[in-house]
Amino acid sequence: MSATGFYIREWYASYYCNKTSQWLYGKLVADPTQIVFKENDSKGEEEAYTPLTLVIPFGKVETIKKMRSTVIFSSLVITLNNSQDIHWFSSFTDRSAVCLTLNHFLRFGLFSKESKDQPMHKESTELGTELLKVAHDSERTLAQAAEKLESQGEQIDNCIAVMYDIEEDLDVSENLIKGLQSWFGQLTTMQKTNDVVDPVVITNKDIPDVHEYEVLYYKMDEDRCPLHSLCDGILRISREALTLTTPLQAVVENYSWSEISRVYAVTPWELHISHFCLGKPDVNYTIISAHIHKFVKRLASRLKDRFEFMESSQSENLCSDLPIKGSTSTQNTSIQERSPTEYKDPMQEQKNASRQLVSDSEVEEVSSILTKIKSMALNINHEETKQNEKLDELTDSVKTATTRVKDQTKQIKKMI
C-alpha cells in the first residue's frame, strides 16, 4: 500500500514460484511505488501455511513484456534491472490491458520515483557522500533540461500553428494577385500610391490553446462495467471541447464543455467522464493516465460544480492487506529476501563496513538515482526525436512560405 492509500489497478492473476515449481493464485496490485502479488489464503486456518506476498519495487523494473512458450501461455514477464531475476505472471482476464497499463506508467517515469518517506542510508563514507552529491547534481540538471525541453516543444507547436495561418494568408493573397492580373492585364503605367497598411498583430488569443496528453481509456455501460478492452489514446483539451482520439488522431469521442455532465476524480491516475443523455444510454468513459495531475486543475476550473472528487473505497479492498512500504513482516517474501542460513557475524560486518570505500546503503541510493536519471533520459530522447521532426516540418514550411512571398512580391512589382 502506498503512502497515499491509493493503488492504480488490481487484477486476478497467478504467479509461478520457482521454489515450489507451482502456480500460485491471487491478486496483482500496482501502486505508485511497487508491484505486489498476494496469494489467496485458500487453505484456511486448518493447515499451517503462510500465503506468499511478493513485493517488486518499480524502481528495479527493467521491462514488462508479454511472452509465450510451449509451457507457459499468455504470460506477463517482469524483468528486473540485473536481467537475472525474472517473474512470470499469468491467468489474467485481459493480459493486454495489464501490460498496457504497467508500461504506460513505467514509460512516463511515475514508478521510478522513490517514496519520500524512504529511510536514508545509515552508513556514510567520504567517497560515497561525494558520489551521491554528483548523482543528485546530475539528476537536478537533467530535470531542469527536461523542463526546458518541454517548454521548447510548446513554443515549436505555437510556431507551427502560426505558420499554418501564414500559409492560409498566402493562399488568399495569391488568389487576389491572379484576380488583379486578369483585370488589368499587362498594364504597367498604373499610378503609384503609398497606401498605409495596418500591421497584422497576433495575440495569444489567436494561437490555439490546445493541450494533448497520452492516456489509456475504455468505454463503460450504465453500471460502469467496461464495454471493451483498455486502449491507448490521446486526450485533447481545447477552449471549445474535450476530445478523445486514437494515437492516429481518429476521433473516438468529442464533448463540448456544455455536453459534459459529470467528471469524477477517482484516484490521482483515474477519471470518469459522463455525458447524461435523454431517451438513450448515457456515455461514460474511464481515463487512466500518469499525466492527470497536469490537467486536473484545468478541468476543475472549466467544469466547476460538475467536477467532483469521488470517495475511493480502495482502502476496503485488497490494499488494506498489502504490506506497507518500510514495514517488516515474516509473511512477506521480497525479491531481496535472504535465506536463514546466510547468517553473518555483526562484528565482522562492522569491520568489513569500516574497510569499504562505499557502503551498501550508499550504493543502493546511487542505483536508485541512476534509475531516475535513466528514466528521464529516455523521456528526453523521445521528446527530442519528436521535436526534431517538428523542426524539420517547420523548416520546410518556412522555406516554402519564403519562396511564395518572393514570387508574389515580383508579381506585384510587375503590376505597379
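The side chains of D137 and R140 meet in a salt bridge with an N to O distance of 2.4 Å. A salt bridge is taken here as a side-chain nitrogen of Lys or Arg within 4 Å of a carboxyl oxygen of Asp or Glu. D137 and R140 are separated by about one helical turn, because they are three residues apart in helix α2 (residues 126-184). Helices (H or I, at least four residues) and strands (E, at least two) are DSSP runs, numbered from the N terminus.

The structure is a predicted model, in which local features need pLDDT of at least 70 and side-chain atom pairs count only at pLDDT 80 or more, while totals for chains, interfaces and linings use all residues. Residues are numbered from 1 along each chain as its sequence is written, and side-chain values use heavy atoms, with hydrogens and water left out.

## Salt bridges

The count comes to eight salt bridges. Side chains of opposite charge can pair when their charged atoms come close.

| Pair | Distance, N to O |
|---|---|
| D137 and R140 | 2.4 Å |
| E174 and R404 | 3.0 Å |
| E383 and K386 | 3.9 Å |

D137 has a relative accessibility of 32% and counts as partly exposed. R140 is also partly exposed, at 45%. The terms are set by relative accessible area: buried means under 20%, exposed over 50%, and partly exposed in between (1.4 Å probe, protein chains only). Accessible areas come from the Shrake-Rupley method with a 1.4 Å probe, and for residues only the protein chains shown count as cover.

The side chains of E174 and R404 meet in a salt bridge of 3.0 Å. E174 lies in helix α2 and R404 in helix α5, so this pair ties together parts that are 230 residues apart in sequence. E174 is partly exposed, with 28% relative accessibility.

E383 and K386 form a bridge of 3.9 Å. These two residues are three apart in helix α5 and are therefore separated by about one helical turn. E383 is partly exposed at 22%, and K386 is partly exposed at 32%. Elsewhere, salt bridges that share partners join D171, E174 and R404 into one network.

## Negative patch

E389, D392, E393 and D396 gather in a patch of negative charge on the surface. Patches are made of residues with over 30% relative accessible area and no salt bridge, with like charges joined within 9 Å and nonpolar side chains (Val, Leu, Ile, Met, Phe, Trp, Tyr) within 5 Å. Lys and Arg count as positive and Asp and Glu as negative, while His and the chain ends are not counted. The place of a charge is taken as NZ of Lys, CZ of Arg, CG of Asp or CD of Glu. E389 counts as exposed because its relative accessibility is 52%.

## Aromatic pairs

A search of the whole structure finds seven aromatic pairs. One of them, Y213 and F295, is tilted, at 4.8 Å centre to centre with 40 degrees between the planes. Y213 lies in strand β8 (residues 211-220) and F295 in helix α3 (residues 292-303), so the pair ties together parts that are 82 residues apart in sequence. Both Y213 and F295 are buried.

Y217 and Y285 form another tilted aromatic pair, with 6.4 Å centre to centre and 55 degrees between the planes. Y217 is in strand β8 and Y285 in strand β14 (residues 283-288), so the pair ties together parts that are 68 residues apart in sequence. Y217 and Y285 are both buried. Rings of Phe, Tyr and Trp (its six-membered ring) pair if their centres lie within 6.5 Å; planes under 30 degrees apart count as stacked, over 60 as edge-to-face and the rest as tilted. Y15, F37 and F89 form one aromatic cluster.

## Loop residues

Most residues other than glycine have a negative phi, and most peptide bonds are trans. S91, which is not a glycine, has a positive phi of about 65 degrees. S91 lies in the loop between β7 (86-90) and α1 (95-107) and is partly exposed, with a relative accessible area of 38%. K304 also has a positive phi, near 55 degrees. The place of K304 is in the loop between α3 and β15 (307-309), and K304 counts as exposed at 61% relative accessibility.

D209 sits in the loop between α2 and β8 and is partly exposed at 32%. D209 and I237 are 28 residues apart in sequence, and their C-alpha atoms are 8.2 Å apart in space.
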